[in-house]
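I opened my notebook on this chain to work through its build one part at a time. The entries below follow the order in which I looked things up.

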Amino acid sequence: MDVHTRSQNTIKKKVTIKGIGLHSGNSVKLNFIPAPPNTGIIFKRIDLEDQPQIKAEVANVTSTKRSTTIGIRDVKVKTIEHLMAALRAFDIDNILIEIDSDELPALDGSAIKYVEVLRKAGLKSQDGNKDIIKIKNNLFIKSENTYLGIFPADKFKINYLLKYEHPKIGTEYLEYTFDKKSFIEEIMPARTFGFAEEIEELKRNGLALGGSLDNAILLKDDKVVNKLRFKDEFVRHKVLDLVGDLYLNGPIIGEIIAIRSGHKDNHKINQIIKKRGT
Ligand SMILES: [Zn+2]
């Protein structure tokens with residue numbers, strides 16, 4: 001893999017966002033703070049006594065069940081993918097994120113609130129280069145129902161095929177070439193989705209306690225309960241998650257072919273990219 005570079009970026013000033021954790025239902029506050037070159041994306045659990053820090057990187061991923069969680073020993077930060085996608089949208093490399101809970105806020109189920117708050121913070125170009133990974137070899141993984149491949153290309157491009165039995169989702173396909181403007185306008189507002197029966201089950205098990213029509217598209221029986229923002233909002237959200245997860249390796253150039261893939265597959269391909277090196 002060739003290494004290309006660009007200059008590093010952080011934010012100009014501190015900004016704050018508040019919300020409710022999807023699973024815990026607890027309120028959570030995030031402070032975004034500028035950080036020096038080569039810091040990376042650092043979460044700091046300010047609710048814990050010694051305020052431990054966890055770097056958002058592939059080696060620190062501890063769970064990919066339903067969302068992407070990073071952790072060191074028993075200290076965790078859950079559901080980082082929507083924020084990671086927003087950081088990718090602005091090419092933010094260095095930032096300190098103070099958090100007073102173990103889970104990021106669900107906000108409106110998309111990443112658009114992160115975009116708004118980061119836009120308010122402003123961008124600052126920094127000394128020091130950031131490597132962009134350019135994929136040179138064909139990489140792919142397969143499981144029983146999923147496929148995820150990344151291939152050499154001149155752009156960052158994603159082809160995603162989603163398929164659900166639910167009549168309102170069915171098959172959706174999106175061919176998307178990444179650029180900042182379209183990513184912010186056409187991908188970042190796409191919300192996560194859930195099935196009513198599944199959510200009831202999750203709630204019985206003490207999960208999805210913060211889940212509501214305000215932070216997810218809800219599918220019940222054969223209907224979509226809330227109004228969709230895009231005709232193909234489901235596949236757009238899958239692209240959002242994928243871009244966010246891949247940003248754990250930093251910026252990448254390559255063409256992705258994804259079939260029904262999720263956080264687990266994203267993590268596996270991240271590990272392969274990481275292991276093969278740049
Ligand atoms: Zn998501």
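Predicted model: local features only at pLDDT ≥ 70, side-chain atom pairs only at ≥ 80, totals over all residues.

Helix α5 covers residues 233-246 and helix α6 covers residues 263-276; I noted an angle of about 30° between them, with the axes 9 Å apart. I then looked up who makes the contact: α5 contributes Asp241, Leu242, Asp245 and Leu246, while α6 contributes His263, Asn266, His267 and Asn270. Sorting the residues of this contact by class, I wrote down two nonpolar, four polar and two charged.

**Whole chain**

Stepping back, I counted six helices and 18 strands in the chain. Taken along the principal axes, the C-alpha atoms fill a box of roughly 55 × 45 × 35 Å. I wanted to know how the radius of gyration of the chain stands against that of a compact globule. For 278 residues such a globule would have a radius of gyration near 19 Å, and the chain has 18 Å, so the two agree.

I next took up the domain assignment, which divides the chain into domain 1 (2-131) and domain 2 (132-276). Their C-alpha centres lie 19 Å apart, and the contact between them draws 36 residues from domain 1 and 36 residues from domain 2. On the side of domain 1 that touches domain 2, I listed the elements that give two or more residues: β1 (2-11), α1 (81-89), α2 (112-121) and β10 (123-134). Which of them gives the largest share of that side? I found that α1 does, with eight residues. By class, this side of domain 1 holds 15 nonpolar, twelve polar and nine charged residues.

**Sheet β6-β7-β8**

I then followed an open sheet of three strands, in the order β6-β7-β8, where the pairing is antiparallel. Its edge strands are β6 (61-63) and β8 (75-77), each of which pairs on one side only. Neighbouring strands in this sheet are turned against each other by 45° on average, direction ignored.

My last entry concerns another open sheet of three strands, ordered β15-β16-β17, for which I recorded mixed pairing. Here β15 (193-195) and β17 (223-224) are the edge strands, each pairing on one side only. Strand β16 (residues 217-220) pairs with β17 in the antiparallel sense over two bridges, and within this part of the sheet Lys220 stands opposite Lys223 in β17. Finally I asked myself which strands helix α4 lies across. Helix α4 (residues 196-204) lies across β15 and β16, and I noted that the helix runs at about 85° to β15.

Definitions and conventions
Residues numbered from 1 in each chain as written. Pairing = 2+ DSSP bridges. Helix = DSSP H or I, 4+ residues; strand = E, 2+ residues; numbered from the N terminus. Axes fitted to C-alpha atoms, helices over the stretch in contact; angles between N-to-C directions. Domains from an automatic or database assignment. Contact = placed C-beta atoms within 7 Å. Nonpolar A, V, L, I, M, F, W, Y, C, P; charged D, E, K, R; others polar. Rg over C-alpha atoms; globule rule 2.2 N^0.38 Å.
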